[in-house]
Amino acid sequence: MKEASPAKAYALHLGVIALLFALSFVLPEYHHGLLARIMVLAVFAMGYNMLFGYVGLLSLGHAMFFSAGLYGAGLAVIHLGWSVPAAFAAGLACGALLALVIGLLALRTSGVAFMIVTMMFAQVFYLIILYFAAWTGGDQGLVVPQSARVLVLGDTSLGLTNPTVRYMSALVLFSIVLLVALVIVRSRYGRVLVAIRENEERTKMLGYDTFSNKLAAVVVSGTICAASGAAYALLFGYVGSTFASVQYSILPLLWVLLGGAATTLGPLIGTLFMYYVVDITSGYTSAYLLIVGIALILLVLFFPRGILGTVRQRWLGWLP
Amino acid sequence: MTDKNGFFDLSKTGLTRRTALKGLAAGAGLAVAPGFVRYSQAQSSAPIKIGFQSHRTGIGAAYGRWYERTTAAAVKAINEAGGINGRPVEVIIEDDGTDPGRGAEVVGKFATQHKTDIVYGTLFSHVVIGSAPAAGEAKMPYFVVSEGHHVASTKLNRYVFQPGITDVKSQIQAMAPWIAANAGKKVTQIFPDFAFGYDHRDYLPPALKAQGAEVIAQIAIPPTESSFTKYFPQIPAETEVIYHVMVGPAVLTFVKELGEFYGSNRPQLFGFIDSLEATDINSPGLEFLDGSHFWEGSPRYAQPDDSAAQKAYRAAVGIDDNGAAVGDPKDVSTAAHMFGCWETLFVVKKAMEDAGYKGPEDRAKLVEATEALTEFAEGPEHPQGPKSFNGKIHQCFGIQNISKVEGGRLNVVHKTKIEDGLYEPEGDYTTQPL
């Protein structure tokens with residue numbers, strides 16, 4: 001693998017951000033709205049990638065971190081009347097705290113056991129949401145009132161239901177997380193995570209505290225996923241237990257595998273690809289999930305490392 | 001920063017540049033073809049476009065199939081009678097996968113890509129609640145056929161209506177007098193431990209209390225449960241009526257195990273047909289239900305006193321006297337709910353004509369015209385029965401049917417009055433800005 005010069009890597013990522021910014025002015029209305037949603041969910045995928053891609057820990061429970069942010073922010077607005085920034089911070093805090101607790105417990109396992117333990121915790125989280133239906137709305141969920149989804153910056157009030165504000169808010173979040181992810185994976189800490197993924201015993205032998213590093217990765221991953229969930233609640237106005245179901249733990253895995261695990265831009269590519277395959281094929285047949293399945297099989301066959309992973313392997317070895 | 005030993009290499013297959021380019025070209029072709037087609041604004045002679053948010057896949061698929069058939073029949077009837085304001089009606093269907101996230105995207109797609117005049121047809125409560133913000137933000141009139149109390153609770157927004165089917169709070173309230181007078185005064189409830197069950201848990205006790213009866217036990221069963229025997233000992237011995245609203249595939253097991261638990265000496269049974277929509281009442285294991293009673297929105301089986309309008313509706317939708325698809329007795333309909341699609345579309349027609357609706361610029365007028373409606377007379381447009389409509393809470397109120405299982409069919413033994421299901425409004429949508 002070639003190492004990219006920092007300028008090259010940052011230029012690429014800033015270019016992607018600039019492209020997404022420019023698309024805001026040229027995309028048709030529907031795709032403009034869809035891309036805002038995709039960027040928010042790509043953040044979820046980036047959070048997942050942080051743990052799965054760089055540490056090699058396959059979690060089947062990340063829906064709980066997304067939901068922690070979703071409910072943390074949504075319920076703070078609905079029940080406590082908090083402002084958008086405070087509610088977003090509450091969502092982040094919920095995700096970070098949950099990730100810390102889950103990490104402390106789940107990291108006592110590895111491999112298949114880690115998958116099962118995270119899935120079980122997520123299921124517990126899902127059932128807790130249903131159990132406290134009086135507060136969470138149970139399986140029906142709750143609407144975050146449109147009147148409360150207003151971002152006040154000084155004298156300016158920005159309604160998050162405005163398509164442009166929503167798109168730009170999603171872009172700001174996406175950009176921050178993308179650049180943070182890039183900084184992390186290029187840092188010494190990021191290299192330690194990859195070292196743990198490749199050979200944990202050797203990393204330990206080199207003197208690194210692998211448990212602490214993995215725990216930090218779980219917290220970073222969970223917090224990023226919670227940021228996505230909090231943004232989803234505030235930008236799209238709905239919190240519901242569906243987002244805590246196992247389906248939403250599988251989706252980021254698929255998005256990351258499709259786009260390319262351990263690539264910084266892969267989660268965006270994977271989320272974008274999956275969304276459009278579903279959106280386009282569902283217009284033709286109710287068996288669109290079959291087509292999605294076939295697309296996944298073809299990708300595994302022809303792009304075994306995901307789209308960007310394969311591009312990196314074959315052509316652009318410097319891709320971060 | 002990359003995987004050196006093939007950690008993510010899911011297979012080891014070769015890939016030529018030509019193959020990759022072919023794949024990319026095909027993908028690009030897919031991306032630019034149908035999804036990106038621009039749709040022009042409806043013109044005065046162009047069809048009225050109704051975006052149908054359908055549960056084609058996911059847990060609601062059985063309902064979705066019958067909602068589509070009923071919708072097609074209603075649109076055919078409307079178009080044959082001259083359409084709406086002289087314009088034909090065109091239905092555009094998008095599958096929401098019975099998922100609230102996808103539901104919101106579908107509403108957005110109708111608003112910004114298909115540019116439909118309204119969105120309509122959603123059943124499952126969580127999809128309605130998940131989609132309602134998108135409809136409100138797009139200022140898109142959203143007519144649901146859900147039966148949930150969420151619209152009438154006034155927790156959604158001014159663009160969401162439920163004019164074609166009564167809500168569950170009203171249904172439960174209307175059932176209580178009959179249960180107390182005919183089935184028994186000591187009631188044990190068995191319900192699924194999620195929102196649909198909670199509506200029954202919360203609304204039945206006060207409704208029964210008002211009738212001099214009481215709920216003596218409430219047994220919530222987790223949605224993941226597949227065997228129910230362990231819950232039955234919790235049913236108090238003095239129970240006179242078991243009120244059950246189990247839904248989902250496990251309902252057959254539930255009934256079978258309840259039968260094994262009680263044998264021939266059982267309390268009265270009262271249930272909501274939601275449990276057995278699209279399920280043959282003569283399925284093996286359901287024999288235990290013989291002699292029990294069910295709520296039905298509209299009767300599944302043809303009744304001796306069916307009105308001409310009811311008969312015409314059944315013929316138009318294509319259901320036989322047993323409530324199954326004509327020509328396929330195994331394809332049992334969701335008759336208790338799907339009439340709501342038919343009636344909702346005729347409400348939309350009436351409101352659009354009242355508003356002089358011409359296109360999306362008149363959506364606010366359509367909202368106000370719908371809110372101004374007060375009554376729907378029984379007839380071809382409302383074959384289930386007469387209804388009143390409360391424009392402040394965007395909810396209709398109507399008659400309910402109580403049917404008895406006898407001789408392998410459901411016979412209506414009681415029809416409630418509209419007044420039986422009325423309750424105090426919990427808010428007022430008309431105070432919200434348009």
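Notebook, chain B

I call a residue buried if 20 or more other C-beta atoms lie within 10 Å of its own, exposed if 12 or fewer, and partly exposed in between, with C-beta atoms placed from the backbone. This is a predicted model, so I kept to its cut-offs: local features need pLDDT of at least 70, side-chain atom pairs count only at pLDDT 80 or more, and totals for chains, interfaces and linings use all residues. Residues are numbered from 1 along each chain as its sequence is written, while chains are lettered from A and ligands numbered from 1 in the order in which they are written.

Entry: overview. I counted ten helices and 17 strands in chain B; helices (H or I, at least four residues) and strands (E, at least two) are DSSP runs, numbered from the N terminus. Of the 434 residues in chain B, 52% come out as buried. I then looked at contacts (C-beta atoms, placed from the backbone, within 7 Å). Among those in chain B with a separation of 6 or more, 69% link residues 24 or more positions apart.

Entry: helix 10. Which residues of helix 10 (363-371) of chain B are buried? I found B:L366, B:V367 and B:T370. Down the helix axis, the buried residues of helix 10 of chain B fall within an arc of 100°, so they line one face of the helix; the arc is that of the directions from the helix axis to the C-beta atoms. An α-helix has 3.6 residues a turn, so residues three or four places apart point the same way. The buried residues of helix 10 of chain B pack against strand 5 (160-161) and helix 9 (335-355) of chain B.

Entry: the seven-stranded sheet. I traced an open sheet in chain B with the order 7-6-8-9-10-16-17 and mixed pairing; two strands pair if DSSP finds at least two bridges between them. Strand 7 (214-221) and strand 17 (409-415) of chain B are at the edges with a single partner strand each, so one side of each has no neighbour in the sheet. From one strand to the next, the twist averages 25°. Helix 6 (195-209) of chain B packs on the sheet, touching strand 6 (186-192), strand 7 and strand 8 (241-244) of chain B, and its direction makes about 165° with that of strand 6 of chain B. Here axes are lines fitted to C-alpha atoms, for helices over the stretch in contact, and angles run from 0 to 180 degrees between N-to-C directions. Strand 10 (293-296) and strand 16 (401-406) of chain B run antiparallel, joined by four bridges; I noted B:I402 as the bridge partner of B:W295.

Entry: strand 14. I checked strand 14 (387-390) of chain B and found B:K387 and B:F389 on a covered face, with B:S388 and B:N390 on an uncovered one. Strand 13 (375-376) of chain B joins strand 14 of chain B antiparallel through two bridges, with B:E375 opposite B:S388. Strand 14 and strand 15 (395-398) of chain B pair antiparallel over four bridges, and form a hairpin with four residues between them. In that turn, B:H394 has a positive phi of about 60°.

Entry: Most residues other than glycine have a negative phi. B:K115, not a glycine, has a positive phi of about 50°; B:K115 is buried, with 20 other C-beta atoms within 10 Å.

Conventions. Contact = placed C-beta atoms within 7 Å.
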